[in-house]
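Here is a walk through the charged pairs of one protein. Keep the sequence and the 3D view open as you read.

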Amino acid sequence: MRRLASLAFAALPRAARALAPITRRALSLVASRALSLVAALALFPAAGLAQGGSPQPSVLVQTAVPHHGNLPRTLEAYGTMQAAPDGGSETISLLRGGQLVSVMTFLGQAVRKGQPLLIVRIDPSALAGYRQAAAALALARGDRARAAQMLAQHLATRDQLAQADKAVADAQATLDALNRAGGGSAEQTVAAPFDGVVANLLVSPGARVAAQAALLTVVRSGRLVATVGVEPAQRALVGAGQPARIVPLYGSGGEPGSVVSIGAMLDPQSRLVPVIVDPPDPPVPSATDPAASATGLIPGDPVRVVIQVGQMTGWLVPRDAVLTDGKGAYVFQLDGDKAARVAVTLVGTVGDTTVIDGPIVPARPLVTSGNYQLQDGMAVRTDQAAPPANPPPAKP
C-alpha cells in the first residue's frame, strides 16, 4: 500500500509534490479535532445522567383508592316466558262431538274473556241422546205421580214410591249433565274463559271433533313465569326464594322475581336443569293488549334471568384494573413513584366491577388506567384529573 502511495506521489508534478506536506498536516489537524469532538459528545450524556440532568422515562396512569366490600354473586340463565304451571293456561274441549263450522281466532291472538273463538255444529247422535234424557225424565215423573196416587189408595207401598223418587232424581241428573254440555242446541259457541292469548290451536274449519278432544289452549294474562335452564354443575347454587331479575333479550327494562322451582332432572332437549322464576306479584294486564304484562313481557318472549346465589367479598376494583398473563391475574399499586405488581385471585365480576383477593395495601393507590404499559418497578406519574376511585357496587 505504501509502495502504491509512493508511486502515486512520484507521478505528481513538482508543484503538487511541494504542497503535499502542507496538505497532509492540515488533514491530520482536522481529523484530530474531529475525533476530540466526537469523544466529547459521547461522554456528555453519561456525565449528564451521572449528575441527574436527564430524567428517566415514566408512564402516565390514573389511580384509585382500594375499596373492600361485598357484591352479589349472580348466575345468568336463558329461557322464555311461559304459562305458570298453577292455572296459567287452560285447554278447552267439548263434552259433545261435532263438526267445526267457524274458527274466529288464530294462533297467538290476544283475546278477552267471553270473546267467541269457535262454533261447533253438534252431532245428531248427541242431540238424540239429549232428547232421550228429557223423555226419560218426563216418564220418571209420571211414574212417580202414579206411585204417589196408588200409595194414597193403599195400592202401592212406600218402597215403590221411594224407587220412583230415585228414578226421577237419576233422570234429572242425566239431563242436567247434558245441559252443562250444551243442552239441546244444535250449535255450540266456544268462548275465551279469561283474558289471555291463544297459545295452541289444534283445529281448522270443517274438521270433525270428538267429544272431550282438545281444541285450543289459552294462556292467562298476568300468570307468566320465566322458564330457564342452568348447567347441572350450577344446580346446587340455586335455591327456592332466591331473588332474581327477568330481563327481555329484545327491548329494555325488566322486572324482579324469585326462584319458585328447581328441576330434579335434565331437560331431554336442552340437557339443562329447568328453573322457574316467578314475579312476586302478578303483572297488571295492559288496557289495550290483554296478552302483555305491565313490563311488556308476553308468552314466548326470550329472556335472560339473573339469579342472586350469594355474596362475593373482597377488594372492589374496576374491571380494567385487573390484568392476566401466564402467571395469573395481577394489578399494579404505586410504591412512591414506582409501579409494584401484586398477584391477586379473581373472585368474580358484576358489570364493570371485579372482586379480587390478594395482598392489597390499602394505603397505596391502585392503577386503573395505563396499567397495560407497566412493568414491575417502572417509574410512573399520575393524572391529577383522574376520577375518584371507589367503584359503586353493581346491581345484578
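The paragraphs below go through the salt bridges. The model is a predicted one.

Side chains of opposite charge can pair when their charged atoms come close. In this structure, 12 salt bridges are present. Some of them are described here, pair by pair.

Start with Arg121 and Glu187. Their closest N and O atoms are 3.9 Å apart, and the two form a salt bridge. Arg121 sits in strand E6 (residues 116-122) and Glu187 in strand E7 (residues 187-191), so the bridge ties together parts 66 residues apart in sequence. How accessible are the partners? Arg121 has 40% relative accessibility and counts as partly exposed. Glu187 has 42% and is partly exposed.

Move on to Asp325 and Arg341. Here the salt bridge spans 2.8 Å, N to O. Asp325 belongs to strand E16 (residues 323-325) and Arg341 to strand E18 (residues 338-343), so this pair ties together parts that are 16 residues apart in sequence. Asp325 is partly exposed, at 35% relative accessible area. Arg341 is partly exposed at 30%.

Next, find Asp335 and Arg364. Their side chains meet in a salt bridge at 3.7 Å, N to O. Asp335 lies in strand E17 (residues 328-335), while Arg364 lies in the loop between strand E20 (353-357) and strand E21 (366-369), so the pair links parts 29 residues apart in sequence. Asp335 is partly exposed, with 41% relative accessibility. For Arg364 the relative accessible area is 29%, which means partly exposed.

Finish with a network. Salt bridges link Asp86, Arg223 and Asp278.

Definitions and conventions. Residues are numbered from 1 along each chain as its sequence is written. This is a predicted model: local features need pLDDT of at least 70, side-chain atom pairs count only at pLDDT 80 or more; totals for chains, interfaces and linings use all residues. Side-chain values use heavy atoms; hydrogens and water are left out. A salt bridge is a side-chain nitrogen of Lys or Arg within 4 Å of a carboxyl oxygen of Asp or Glu. Helices (H or I, at least four residues) and strands (E, at least two) are DSSP runs, numbered from the N terminus. Buried means under 20% relative accessible area, exposed over 50%, partly exposed in between (1.4 Å probe, protein chains only).
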